[in-house]
Amino acid sequence: MAITDWPADDRPREKLLTKGAESLSDAELVAIFLRTGIKGKSAVDLAREALRRCGSLSALFGASDKELCAVPGLGVAKYAQLQAVLEMARRALREKIGNGSALNSPHAVRDYLRLRLQGRPHEVFAGVFLDAQNRVLAVEELFRGTLTQTSVYPREIVKRALHHNAAALIFAHNHPSGVAEPSRADEMLTVALKQALALVDVKVLDHFVIGSDAAMSFAERGLI
């Protein structure tokens, strides 16, 4: 049955307009993005199939063009649209954390880093450079690694901090395994970076570990 034949209250678009986007399921939100289905499948059916194949909404966001195009009814055009939507979300969050103190918008910082790093097939180590008022000066992907580890060089990070004249840093890296738990190596690296940056009077405020469905904060765990 086509979505247009559903009761008005059950149609994703009408449901969003009357009850708000938060009332929709993942499949219903994706269906609005897809707009149309294919022969024998509504947009909601197609959305459910895409989510089933990818495993989750975040995995769908991180899917490659080949992975997304493997879903019947999806193609390069939908992949391009999805990437555009994600980039707009990243830029909107980047503007939000850049317009004031990053510490006044901790959830925006976390959400921005999740959107930027989540779903990557390899580890990426990023830094958010802050001024003395904790305003964002720059966000940089500093190192990339294999599926299991990233080589991070404290000396290079110190150089980038001095380049931006930063007073503080927030670090983040993703775990391709999807588990947002710090390893012993992550903890040791954070200590090494904190010590190296202290020599040039730069503070380390936090370090986020980005998993498939969560972001763990070292500061919240008392590890900084």
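Biologist: Which helices each supply at least two residues of the lining of the largest pocket?

Modeller: In this predicted model, where local features need pLDDT of at least 70, side-chain atom pairs 80 or more, and totals for chains, interfaces and linings use all residues, they're helix 2 (26-34), helix 4 (57-61) and helix 6 (76-98). Numbering runs from 1 along each chain as its sequence is written, and side-chain values use heavy atoms, with hydrogens and water left out.

Biologist: Which of them gives the largest share of that lining?

Modeller: Helix 2, with six residues. Helices are DSSP runs of H or I, at least four residues, and strands are E runs of at least two, numbered from the N terminus.

Biologist: Which residues lie nearest the centre of the largest pocket?

Modeller: Leu29, Val30, Phe33, Phe61 and Leu82, out of 20 lining residues.

Biologist: How many of the lining residues are nonpolar, polar and charged?

Modeller: 18 are nonpolar, none polar and two charged. Nonpolar means Ala, Val, Leu, Ile, Met, Phe, Trp, Tyr, Cys or Pro, charged means Asp, Glu, Lys or Arg, and the others, Gly among them, are polar.

Biologist: Why is Tyr153 called partly exposed?

Modeller: Tyr153 has a relative accessible area of 48%, and partly exposed lies between buried (under 20%) and exposed (over 50%), with a 1.4 Å probe and protein chains only. So Tyr153 is partly exposed. Tyr153 sits in the loop between strand 2 (136-144) and helix 8 (154-163), and its C-alpha atom is 47 Å from that of Val44, 109 residues apart along the chain.

Biologist: What makes Leu199 exposed?

Modeller: Its relative accessible area is 76%, so Leu199 counts as exposed. Leu199 lies in the loop between helix 9 (184-198) and strand 4 (203-210).

Definitions and conventions:
On a 1 Å grid over the protein atoms alone, a cavity is a set of points where a 1.4 Å probe fits but cannot get out, and a pocket is an open set with protein on both sides within 12 Å along at least five of seven lines; lining residues have an atom within 4 Å of a point.
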